[in-house]
Amino acid sequence: MTARIYQRPKNAMQSGKALTDAWLLEFVPAEAKKPDPLMGWAGSGDTQQQVVLRFATQAEAQAYADRYGIAARVQATPPKRLKLQAYADNFR
């Protein structure tokens with residue numbers, strides 16, 4: 001059972017930064033999804049894909065993974081780039 005620990009990025013469609021400070025532990029899919037023969041929906045028997053655990057800090061998420069023997073890799077948070085632009089730059 002492997003997992004990844006990451007911090008949720010800011011939503012590109014909104015300017016707010018809600019829920020971006022929490023660290024998430026999400027399990028990697030153990031099997032591929034296959035289409036249901038009757039309805040055609042994609043699904044699998046792996047129920048760990050539905051589990052997402054939230055932590056306040058990266059250390060708490062890593063400690064949880066170590067405590068329960070979960071092989072977890074930490075995905076670094078990309079640096080926040082601030083694009084400084086004046087209104088007049090729209091007309092150049």
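Visitor: Before that, what sort of model is it, and how are residues numbered?

Guide: It's a predicted model, where local features need pLDDT of at least 70, side-chain atom pairs count only at pLDDT 80 or more, and totals for chains, interfaces and linings use all residues. Residues are numbered from 1 along each chain as its sequence is written, and side-chain values use heavy atoms, with hydrogens and water left out.

Visitor: How do S1 and S6 run, parallel or antiparallel?

Guide: Parallel: four bridges join S1 (residues 2–7) to S6.

Visitor: Switching to charges. How many salt bridges are there?

Guide: Three. The cut-off is a side-chain nitrogen of Lys or Arg within 4 Å of a carboxyl oxygen of Asp or Glu. Side chains of opposite charge can pair when their charged atoms come close.

Visitor: Which residue does Arg4 pair with?

Guide: Glu26, with the closest N and O atoms 3.0 Å apart. That pair links distant parts of the chain, since Arg4 is in strand S1 and Glu26 is in strand S2 (residues 23–27), 22 residues apart.

Visitor: And the others?

Guide: Lys34 meets Glu31 at 3.6 Å, N to O, and Asp89 pairs with Arg92, whose closest N and O atoms are 3.3 Å from those of Asp89.

Visitor: Is Arg92 buried or exposed?

Guide: Exposed, at 81% relative accessibility. Buried means under 20% relative accessible area, exposed means over 50%, and partly exposed is in between (1.4 Å probe, protein chains only).

Visitor: OK, new topic. What's the phi of Leu19?

Guide: Near 65°, a positive value in a residue other than glycine. Most residues other than glycine have a negative phi. Leu19 sits in the loop between S1 and S2 and is exposed, with a relative accessible area of 59%.

Visitor: Where's Thr20, then?

Guide: Thr20 is also found in the loop between S1 and S2, but Thr20 is buried at 17%. Its side chain reaches the backbone oxygen of Lys17 at 2.7 Å.

Visitor: Which residues make the nonpolar surface patch?

Guide: Leu38, Met39 and Trp41, covering about 430 Å². Patches take residues with over 30% relative accessible area and no salt bridge; nonpolar side chains (Val, Leu, Ile, Met, Phe, Trp, Tyr) are joined within 5 Å, like charges within 9 Å. Leu38 is in the loop between S3 (34–35) and S4 (42–43), and is exposed at 74%.

Visitor: Last one: where does Ala65 lie?

Guide: In helix H1 (residues 58–67), and Ala65 is buried at 0% relative accessibility. Ala65 and Ala42 are 23 residues apart in sequence and 29 Å apart in space, C-alpha to C-alpha.

Note on methods: Pairing = 2+ DSSP bridges. Helix = DSSP H or I, 4+ residues; strand = E, 2+ residues; numbered from the N terminus. Areas by Shrake-Rupley, 256 points an atom, 1.4 Å probe, with all protein chains shown as cover. Polar contact = N/O pair within 3.5 Å; in protein donor to acceptor, adjacent residues only side chain to side chain.
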